[in-house]
Amino acid sequence: MPIAVCPGSFDPVTKGHLDIIKRASVLFEEVIVLVVVNVDKRCSFSLEERCEMIRQAAAGMENVRVDHYDGLLVDYVRRVGAQAIVKGLRAMSDFEYEFQMALTNKKLLPYAETVFLTTSAENMYVSSSLVRQVAGFGGDIRDLVPGCLVKTIAKRLQRPPLADGDKR
Ligand code: PNS
């Protein structure tokens, strides 16, 4: 069975991500969860923080390891001898963006296949940006992120209350 790379920003890792990682770990001999620098995004957590959170959340998964990379995804895939790139698909809104990336990666590294796993119904609406927004205003993120990370993420993202007369 081949090695798969599961790339993303994971800012932070969500229950939806973890579900995809878990299901990929059943399909592949080894899954490398790769925290990649996305030049189009400004992240709230550092690369190391994001890796550490995924390590904690995926602690029981024997064939999953976590790494980070600042470069072209296909260069990493080639370097570690992986054959597949695993991505999760939530709704049609994800499709165009993911399809474009899959075709570009196929052009750059033809032997590597992008494998899409459909998200579980209960995680359809979950995204890292939603987590950042809800946690930022002190909302309940227990349904959105892995249980072991709820406190860390909430504490790290909660904004200080506004002083009287201040505007965001
Ligand atoms: O979770 P994201 O931000 O949607 O993941 C996108 C990511 C990081 C996988 C993508 O931006 C990426 O692969 N970046 C690395 C640079 C690269 O290879 N770009 C070309 C991708 S087609």
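Predicted model: local features only at pLDDT ≥ 70, side-chain atom pairs only at ≥ 80, totals over all residues.
Hi everyone, let's begin with the ligand. Where does the ligand sit? The space it takes is the largest pocket. Around it there are 15 residues, and the closest are Ser9, Asn38, Lys41, Leu73 and Tyr97.

The side chain of serine 9 has an N or O atom 2.5 Å from an oxygen atom of the ligand. Lysine 41 brings a polar side-chain atom to 2.7 Å from a ligand oxygen. As for cover, the ligand on its own has 540 Å² of accessible area, and the protein covers 82% of that.

Which elements give two or more residues to the shell around the ligand? They are strand 1, residues 3-8, and helix 4, residues 92-108. Helix 4 supplies the largest share, with 4 residues. By type, the shell divides into 7 nonpolar, 6 polar and 2 charged residues.

Most residues other than glycine have a negative phi, and most peptide bonds are trans. Phenylalanine 10 is not a glycine, yet its phi is positive, at about 50°. Then comes a cis peptide bond, joining aspartate 11 and proline 12, with omega at about 5°. Proline 12 also has its place in this loop.

Side chains of opposite charge can pair when their charged atoms come close. The model has 10 salt bridges by count, and in one of them the side chain of aspartate 11 meets that of arginine 132, at 3.5 Å from N to O. Aspartate 11 is in the loop between strand 1 and helix 1 (15-27), whereas arginine 132 is in helix 5 (residues 128-136), so this pair ties together parts that are 121 residues apart in sequence.

How values were computed
Residues numbered from 1 in each chain as written. Heavy atoms only, no water. Near = heavy atom within 4 Å. Polar contact = N/O pair within 3.5 Å; in protein donor to acceptor, adjacent residues only side chain to side chain. Areas by Shrake-Rupley, 256 points an atom, 1.4 Å probe, with all protein chains shown as cover. 1 Å grid on protein atoms, 1.4 Å probe; cavity = no way out; pocket = protein on both sides within 12 Å on 5 of 7 lines; lining within 4 Å. Sits in = over half its atoms within 2 Å of the grid points. Nonpolar A, V, L, I, M, F, W, Y, C, P; charged D, E, K, R; others polar. Salt bridge = Lys/Arg side-chain N within 4 Å of Asp/Glu carboxyl O.
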